[in-house]
Amino acid sequence: MSDKLKQDIPNTSKQNVDANLPAVLLPYQREWIAEKSMVKVCEKSRRIGITWAEAADNALIAAASKEAGGQNVYYIGYNQDMAVEYIEYCAMWARSFNYAASEIEEGIWEEDSEDKHIKTYTVRFPGSKHRIVALSSRPTNLRGRQGVAVLDEAAYHDQLPRLIKAALAFLIWGGKVRILSTHDGEENPFNEFVHDIRSGKRKGTVHKTTFMEAVEQGLYSRVCLRLGRDWDKKQEEEWVQGVYDFYGEDAGEELDVIPSRGSGAYLPITMIEAAMTDEIPVLRWEPPARDFVDWPDDTRFRDMAEWLEVNVLPHLLRLDRDKPVWFGEDFGRVADLTDIWPIFETFEMTWMTPFVLELRDCPFAQQEQALFYTVGKFPRLGGGALDKGGNGAFLAERARQKFGGPDRIHEISLSTTWYTTHMPPFKAAFEDKTFPIPRDPEIRDDYRAIKKIKGVPMVPRDERTAVTTLSGKKAKRHGDAAIAGCLAYYAARNIEYGGVIEYQSTGRTRVGAEPLEKMERVGFGAVGGNVDTGGF
């Protein structure tokens, strides 16, 4: 058992608790109990024992004195069988902990005239004078109660928003709210509540445990223990396959914790268009000639430097010298674009984009040149997040080396875990109208390309939109601007501005390339010096 879990257990019969919990609770169950947020939510697989673990925590809470943090517990399942099963768990845990507790008492909920038909099951703890009350269905009003509210299989409750609203009233006087459920659709209020917490709209924590995660942490060994059989790897694999076969097409939602109907557009077109403004320019570069990549180094650098000074520098000079700027970069070389998306915070608490820089079919050296020129001339660099997938790893690493190290520059692997964590806050910024984007059809389509893939908001790997380039060629986009914008928002939320930093170049070491000092002479821009001044 972790030290944190041991410290959080009430003092009552602590020695006995320490002797029993590690033997019966699996890691994800212990983690759930150890989390002490006032509001915590568990999106979970079926039948992995989260309710059982919650009952253990509830027995500890109800048995503790008021001075030790003890409180009443009100459990609400969506049917009577759930209430009976839960209260039996609580009684079992009370006996295991050697707490003095009453036998299970049946009664009728009489706190509200509309709910007198609801049967209740109660375990009382004489020593603490607290009780655990399990209800067979939802009472219409929990206000006026004090303690811990536990909403089990919340996605299946009628009028869940009203129930959550009533439960949250417990927090006013020091109570807590625990919400546990498997999913029942992407548009279910439970999934929306999870999204609100992940996006930062509501306070709380979210735990997620899939069936396979539970198996990896020992779920099947507990099944064997209960059935009186020895654990066997092959039998475990057959058991897992049997469970998935049983759920069939519903396995994604019931076992893998993926809300159903999860393949639609993540950002509605109306939301995207409401965020669009004419005030943000899109600066697009593409090679001046088909053989540009084969031009001599000095010629390529000079051509790019001239373009940057004509097209990008005027926008850099208009930046507020007192405001730090963060940026995101999505890398592309041949098929996809490289997008550089800077943002800064306004006095109105919105994130303003001064411009978006797009590079199509740009040689690696000129991508570095354009990035270093642009970021090096930010009046104050807040930080940046760069896609390090594939060939993007080189540019992400070079940016980290030049602009302050890993604390200032984050190299990002765009995994499903990253998208799950950081796309919801980005969507919330659109909902709150605090992240304007250019009024540009190609960028609009990039944001429309974000889809829910098996419940994860991301740009589908193989989905691209057709466009016509500046030179009239047919090309494609892969949500590049949307990813860059999301990375910029991530950087602004996760990289704290640390003031002025000093940096200098270590020179260019790649075979056949000129040193950075020479690149500066042909127009590469400031090399070395102070990030805060950008070399102005």
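Axes here are lines fitted to C-alpha atoms, for helices over the stretch in contact, and angles run from 0 to 180 degrees between N-to-C directions. Helices are DSSP runs (H or I, at least four residues), numbered from the N terminus.

The model is predicted, so local features need pLDDT of at least 70 and side-chain atom pairs count only at pLDDT 80 or more, while totals for chains, interfaces and linings use all residues. Residues are numbered from 1 along each chain as its sequence is written, and side-chain values use heavy atoms, with hydrogens and water left out.

I start with two helix pairs. H3, residues 27-34, and H4, residues 50-63, have axes that come within 9 Å and cross at roughly 45 degrees. H3 and H4 are therefore oblique to each other; angles under 35 degrees count as roughly parallel, over 145 as roughly antiparallel, 65 to 115 as roughly perpendicular, and the rest as oblique. On the H3 side, Tyr28, Gln29, Trp32 and Ile33 make the contact (heavy atoms within 4.5 Å). Their partners in H4 are Ile50, Trp52, Ala53, Glu54, Ala56 and Asp57. By class, this contact has seven nonpolar, one polar and two charged residues. Nonpolar covers Ala, Val, Leu, Ile, Met, Phe, Trp, Tyr, Cys and Pro; charged covers Asp, Glu, Lys and Arg; the others, Gly among them, are polar.

The second pair is H17, residues 416-431, with H19, residues 480-494; their axes are 10 Å apart, at an angle of about 90 degrees. H17 and H19 are therefore roughly perpendicular to each other. Residues of H17 in the contact include Trp418, His422 and Phe426, and those of H19 include Ile483, Tyr489 and Arg493. The contact of H17 with H19 divides into 12 nonpolar, three polar and one charged.

Now the pockets. A pocket is an open set of points on a 1 Å grid over the protein atoms alone, where a 1.4 Å probe fits, with protein on both sides within 12 Å along at least five of seven lines; lining residues have an atom within 4 Å of a point. Volume is the space filled by probe spheres set on the points.

The largest pocket has about 840 Å³. Of its 27 lining residues, Arg47, Ile48, Gly49, Tyr89 and Arg226 lie nearest the centre. H9 gives the most to this lining, with five residues.

The second largest pocket has about 540 Å³. It is lined by 22 residues, with Asp336, Asp387, Leu414, Arg461 and His478 closest to its centre.
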